[in-house]
Amino acid sequence: MAAVPTDSGSRPAAGARFFCTAGRGLEPFLMREVRARLAATQVEYISGKVFFTTCSDLNMLKKLKSAERLFLLIKKQFPLNVSSVSKGKILSEIQRLINDDPESWLNAISTWKNLLELDAKKDKLFQRAANPPKRKVEENDIISAKKLKTKQLQELQESGECLLEKQTEEETQEQGDFLTEREKSQEAFQNDVVKAADAKNQNDLTFRVSCRCSGAIAKTFTAQIFIHLNDIYSVVGIPVFRIPLASRAYIKTAGLRSTIAWALASLAEIQAGAFVLDPMCGLGTILLEAAKEWPDVYYVGADVSDSQLLGAYDNLKAAGLKNKIELLQVSVIDLPLPSESVDVIISDIPFGKKFKLGEDIKSILQEMERVLHVGGAIVLLLSEEHHRRLKDGEQSSIPLNSEGSHTGEPSIKKCLKPGGKTGTSETVSSSFEASSQECLDKTPPFGSLVPVECHKVSLGRTDAFICKYRKLHSLGL
């Protein structure tokens, strides 16, 4: 995933400060993504949020896949002092939070307005370029139809068929009415675009303000403004998009959460021309996310369930990917594939709540290992129970750190730095390659597979593990 340059005329002048909300455990994935996709700088995070600076426009910001929602940052600072239970004092604290630095509000609103105006101008130019040719074609078609009707009318007049003449006149009139209505519709649409582009002429800006609180302050104060407050930090921001980034328009029936599915695919290091398999594809969410991001790949999804495969087919059709992904109805422990024929395997292993696994997790992994090419990767979403079973089978394991990630992954240091001028940006160390090689040098826990990375993530009511394994050698060696 490479950063894509954008038109400099559509960027915030000196780079704007944003933050995204993310599911717990997905912060490392989002940090990597904003750096790669947006060429972001000053990337840092606190639990559930990633902060960054970028010059990217709205079109690029919309492409973020591991984020839940995107906000333009107004202010970030240490938590409010709620030692007193007085609501009046808390209100005074919030008032100071907003009023102490009015310049931050003015700068953020100005940036927000510019982003929207630039996006509206692009839409306006696109419509101006696209509509005239289309309208001209439609007019030519209707004019030709009118000429034909006129010719028919003349022939009918000569033959004295008055009744048919009247009918033809009525049809011609109806067609003219159709042209008028079509013109009105297009004109109304263009006017809407012009109004959006001319928003900069309005002196007054209005936007919705809401609030979410947690921790001690939530017990004493019912908020009515949009501020993220808890016992660790206070963050104020403006939502950039009305619809969350995590809501994918191309997914008809939701299965696994799209952000988790994309994170799984991103960890697999998919290359062009690769053979990627999901042997328990369900509704196909992982394959959809992968195919949208890495299109030049051969994808195959397999499942034993008729209903799941039908749902997957509907999703592929809705996303326009039915010719990019092949679906098979087969068992995960009896894949009709030659040994060492697959480059990447990505799968969400059923937790046993909605769909029973029916087979031991190790038996499933053995079949995946068989079809995987030497040097290939397996990325799995495992329940805590499945993860524990696999850990029990490892001869040498990599200990989890406090965040639920193996110490072999890039270490990420948490730090809250209020303000934007005094703090330095938070970094992710470049020790991944060395630590991964150290992991590969260890004795494989089972067969030829070794663990490379493991991230503990939240699925809402339960937690899970995103685990990556790599195949070192052929079976039997």
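How many aromatic pairs does the count come to? The count comes to five aromatic pairs, where rings of Phe, Tyr and Trp (its six-membered ring) pair if their centres lie within 6.5 Å. The structure is a predicted model, in which local features need pLDDT of at least 70, side-chain atom pairs count only at pLDDT 80 or more, and totals for chains, interfaces and linings use all residues. Residues are numbered from 1 along each chain as its sequence is written, and side-chain values use heavy atoms, with hydrogens and water left out.

A pair of aromatic rings is described by the distance of the centres and the angle of the planes. Planes under 30 degrees apart count as stacked, over 60 as edge-to-face and the rest as tilted. The rings of phenylalanine 19 and phenylalanine 51 have centres 5.4 Å apart and planes at 35°, so this pair is tilted. Phenylalanine 19 lies in strand β1 (residues 16–21) and phenylalanine 51 in strand β3 (residues 49–54), so the pair ties together parts that are 32 residues apart in sequence. Strands (E, at least two residues) and helices (H or I, at least four) are DSSP runs, numbered from the N terminus.

Phenylalanine 19 also forms a stacked pair with phenylalanine 71, at 4.8 Å centre to centre and 10° between the planes. Phenylalanine 71 belongs to strand β4 (residues 69–77), and this pair links parts of the chain 52 residues apart. Phe19, Phe51 and Phe71 form one aromatic cluster. Phenylalanine 19 and phenylalanine 51 are both buried, meaning under 20% relative accessible area, against over 50% for exposed and in between for partly exposed (1.4 Å probe, protein chains only); phenylalanine 71 is buried as well.

The next element is helix α3 (residues 87–99). At 1.5 Å times one less than its number of residues, the 13 residues of α3 should span 18 Å, which agrees with the 18 Å between its end C-alpha atoms. The buried residues of α3 are Ile90, Ile94 and Leu97. They cover an arc of only 50° around the axis, taken from the directions from the axis to the C-beta atoms, which puts them on the same side of α3.

Further along, an open sheet of seven strands has the order β10-β9-β8-β11-β12-β14-β13, with mixed pairing; two strands pair if DSSP finds at least two bridges between them. Each of the edge strands, β10 (325–328) and β13 (449–458), has a single partner strand, so one side of each is left without a neighbour in the sheet. β13 and β14 (residues 463–471) run antiparallel and are joined by nine bridges.
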